[in-house]
Amino acid sequence: MSGTTSSTTSAPATEAEGRDLVAAEIADAGARLDAHHAPETNGRMAICRRCGSRTDTPVGLHHVPDVRQVARSSEWLDAQVRASRIGHARGSLGT
Ligand SMILES: [Zn+2]
């Protein structure tokens, strides 16, 4: 009897934990994108033209990536950082 009740109560708890984790990942990815560049929207859609992430409003003050965009936006940021590092390396080599 007690076994069935404990299994039903634990299910929603893990679901909520997963949601919190996703929310934290979205906030973290959004903050990283904000730090890299200000959102560039067309003023009509809440989407950044630069990285393709969703923004909070069509004006675009902050990045708010979709759940499915979190992994992609972090990959995009890593690629940007790598590209700038290569640029710096080339610059130092040239001088
Ligand atoms: Zn962006």
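1. Basis. The model is predicted: local features need pLDDT of at least 70, and side-chain atom pairs count only at pLDDT 80 or more, while totals for chains, interfaces and linings use all residues. Residue numbers run from 1 along each chain as its sequence is written.

2. Secondary structure. The protein chain has two helices and zero strands. Helices (H or I, at least four residues) and strands (E, at least two) are DSSP runs, numbered from the N terminus. Helix 1 covers 2-36 and helix 2 covers 69-94, with a loop between them.

3. Of the 95 residues in the protein chain, 16% are buried. A residue counts as buried if 20 or more other C-beta atoms lie within 10 Å of its own, as exposed if 12 or fewer do, and as partly exposed in between, with C-beta atoms placed from the backbone. Two residues are in contact if their C-beta atoms, placed from the backbone, lie within 7 Å. Among contacts in the protein chain with a separation of 6 or more, 32% join residues 24 or more positions apart.

4. Val67. This residue sits in the loop between helix 1 and helix 2. Val67 is exposed because it has 11 C-beta neighbours inside 10 Å. Apart from neighbours within four places in sequence, Val67 is in contact with Val22 and Ile26. The C-alpha atoms of Val67 and Val22 are 7.0 Å apart, across 45 residues of sequence.

5. Arg44. The loop between helix 1 and helix 2 also holds Arg44. Its count is 8 C-beta neighbours inside 10 Å, so Arg44 is classed as exposed. Arg44 and Thr57 are 13 residues apart in sequence, and their C-alpha atoms are 8.9 Å apart.

6. Ala27. This residue belongs to helix 1. Ala27 has 14 C-beta neighbours inside 10 Å and is therefore partly exposed.
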